[in-house]
Structures are given as structure tokens and as C-alpha cells.
Amino acid sequence: MPIFKRRRRNAVEADPIGAFWSWWSASGATAVADAVARRQPTDVNEELNERIARISPDLEWELGPGLHAAHVLIVTAAGNPAQRAVARRWLRAAPPSDQTWEYADLRRPGPAVTIQFDGLPPVATDESVVSIEPDTASVHVGVHHPVFASLSVDAQRRVTFLILDLVLGEEMVETWVGAIDTLPAPPEDAVPIDSLLPAVAGFAAEHTLEDGSPAWKMLEGTRDGQRVIATAEYPLRSIRRPHLDTHVAVSIHYPVVREDGLPESEMLDELRAFEDHLTDRLGGSGNLLAHETSAGVRILHYYTDGTTPADAQLQAATTGWPHGKVTLTTEPDPAWHNVSHLSG
């Protein structure tokens, strides 16, 4: 039975993530497991609220049954892109899972449950019905639950997102679901909620490579009257790599020979080799997610972990380009807004 809580603000610690795991290892894990065993999980609400609020007041937490352990503690950004990197860093600092506890930073799909949320009546997820409408880029979903008649509009929206997170898991919702509608009445094309996971999973499989890695797509257009060719990971969703919260745009200038401003074959080979050189220098601190080429400039869109010196590594690696200037622009962008024009 998942328990959901909101945090209240608290004092800032120098290393709140380290402090949380020190407390957890010393006494917290045992105290919380004991409270769950006694079926009194609310006994530890205040302590968990305070400890997690010190990491960020905008994080949410959840207790539930684990996949490989008796229990799972989930600390999630709950759809807030600005908090995803924090939640992922909390997870990366976690101790190894054991028979009692495992840890996650995203809500997982699971069997039907009854949601208990502060101030709301119990909500049985399996009483929901949905409408499902795929298009070329995502699956649009409408959700209706009988309890909506007794809830405010804001509460209906909150419950809608919780239902989707529990049925599909946060990653699938934020990667593959497009528009989400809260429906006050059952739609004409309503299907049971248990139809949703196979429908969205099937859609995802059609748009993912066989090894499970993201596909790439090519786009073409014009900018200021100039032809633009772009290639981008598909779909461009920050939920897939939440720790990559910093955008580094590398602009590589090359000599223009063709009338349309695009590089000729030999220059394109050099640009690709230089791109490989930059990417290799990053190691595990970032990923190239898109590039666009137009009018003598190729822009590489890297996303990096802002707690690492990845931007300095890229800057140091740009000195070997002989055909023009190379400039870097770095800024925090946890929601990946700077590549939204390439997301399709």
C-alpha cells in the first residue's frame, strides 16, 4: 500500500544526501522497516519528511513492496525536471540493496493498489478507465475515476498523474505519454486501465532500437532562409538521463563551399571525426543528444552532469579544429528546453 507524503521546508545542510544515508544506515532503515512491519508506516512520516526536505523540499517519497527486496524507498522528483538530477544523485549515493530494502528515484509500474494521499479519500487504481490515442510521436491518454466526482479539479489532476505513474511507471509516462486529460465522465472509447500498459509499451517498442537504446531521427528545415539538417535522439526526454542537467552547445565553424551552406563530403567526415573526439573526452560525464548543421556552422548539443568538469573537458578538447573557430555555451537546463525544437 503506497504511502505518499509532501515535504515541508527545513534548514539547508552542507551534504544533505550524505547525511540522509548516514542516518539511514545507522538507524533509519531499521526504524522504517519496523514501522511497516507493525502496519504503522505513518510513525516514521515526520522523520522521513524532515530528512528528505533537507535534500530538497520539492521531492516526494513513497514506501512500497520491492521487486527484489521486502520494501522499496522511492524518492522522486514527481515530474519536476529541476529536481530529477537531485533525486538521481540521492539514488546513486544509496547503499547496496539487501533483503529488506531497495531504492529507486522513479515510481514503477505495479499491480493494482489503493492510493492513500494526505487529505484525499482512498483511490483504487483498478476502478479507472482510460482513453488511448497514439500519434506519430506519443500516446495521448485520458483518465476517469468514479472518485473524481467528489474531488476538486486540482485533486483530480493529482490523482490522475499518480494513477499513471503507478500503472506505467514515471519513466514510461514522461517518455512516451503526450497529452494527459482528466475526464469528469467516462469517455465513449473507454477501456479498462489494465489496457494502458501494453498499449504504451507496444508503442515504445515500435520507436526503440532492438537493444533498447533510443533511436535517432533526421530533420530538415530552414532558418533565416538557410537550409538546416539536424539529427537527434528520439524521443528527447530528460527523464531518460536525469543526472544530465547542463546543456553544452559546441558551435563548430567550417568553410562554406556548397550553395546551400552544408558541408561537402570530405568536410562532413572531418566534422564527424571531431565530434567523436569530443564525445570520447567526456567519458561518462555526458552524452551527445543532437546536432544541427546550417550556413557553415555545426552545433553539437551535449548534456552533461553539472557536478562534473565536463564543460571544461569539452573546452580543452576543441583546440584541434583547424577550419574555423569553435565556441562553447554552457547553461543549466534540467528539462532539456534548449533542444525542444528538435524533439518532434
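Student: What should I know about the model before we start?

Tutor: The model is predicted, so to speak of local features a pLDDT of at least 70 is needed, side-chain atom pairs count only at pLDDT 80 or more, and totals for chains, interfaces and linings use all residues. Residues are numbered from 1 along each chain as its sequence is written, and side-chain values use heavy atoms, with hydrogens and water left out.

Student: OK, which strands make up the open sheet of four strands, and in what order?

Tutor: The order is S9-S8-S7-S10, with mixed pairing, and two strands pair if DSSP finds at least two bridges between them. Strand S9 (177–182) and strand S10 (191–192) stand at the edges, and each has a single partner strand, so one side of each is left without a neighbour in the sheet.

Student: How many bridges are there between S7 and S8?

Tutor: Strand S7 (residues 129–134) and strand S8 (residues 139–144) are antiparallel and pair over six bridges, and Pro 134 is found opposite Val 139 in S8. Helix H4 packs on this sheet, where it touches S8 and S9, and its direction makes about 135 degrees with that of S9. Helix H6 lies across S7, S8 and S10 and runs at about 15 degrees to S7.

Student: How do H4 and H6 pack, in terms of angle and distance?

Tutor: Helix H4 (residues 153–168) and helix H6 (residues 196–206) pack at an angle of about 70 degrees, and their axes are 9 Å apart. That makes H4 roughly perpendicular to H6, a term for angles of 65 to 115 degrees. Axes here are lines fitted to C-alpha atoms, for helices over the stretch in contact, and angles run from 0 to 180 degrees between N-to-C directions.

Student: Which residues of H4 and H6 meet?

Tutor: On the H4 side Leu 164, Val 167 and Leu 168 meet Leu 196, Leu 197 and Val 200 of H6, contact being heavy atoms within 4.5 Å. By class, the residues of this contact of H4 with H6 are six nonpolar, no polar and no charged. Here Ala, Val, Leu, Ile, Met, Phe, Trp, Tyr, Cys and Pro count as nonpolar, Asp, Glu, Lys and Arg as charged, and the others, Gly among them, as polar.

Student: Switching topic, what is the order of the six strands in the other open sheet?

Tutor: That order is S11-S12-S14-S15-S13-S16, and the pairing is antiparallel. The edge strands, which pair on one side only, are strand S11 (215–223) and strand S16 (326–332), and the twist averages 20 degrees from one strand to the next. Within this sheet, strand S14 (residues 286–294) and strand S15 (residues 297–304) are joined by eight bridges, and Leu 288 has Tyr 302 in S15 as its bridge partner.

Student: Which strands does H7 lie across?

Tutor: H7 lies across strand S13 (246–253), S14, S15 and S16, and runs at about 20 degrees to S15. H8 packs on the sheet too and touches S13, S15 and S16.

Student: Last one: what lies between S5 and S6?

Tutor: S5 and S6 form a hairpin with five residues between them, and Gly 119 in the turn has a positive phi of about 80 degrees. Strand S5 (residues 114–117) and strand S6 (residues 123–124) run antiparallel and are joined by two bridges, with Ile 115 opposite Val 123 in S6.

Notes:
Parallel < 35°, antiparallel > 145°, perpendicular 65-115°, else oblique.
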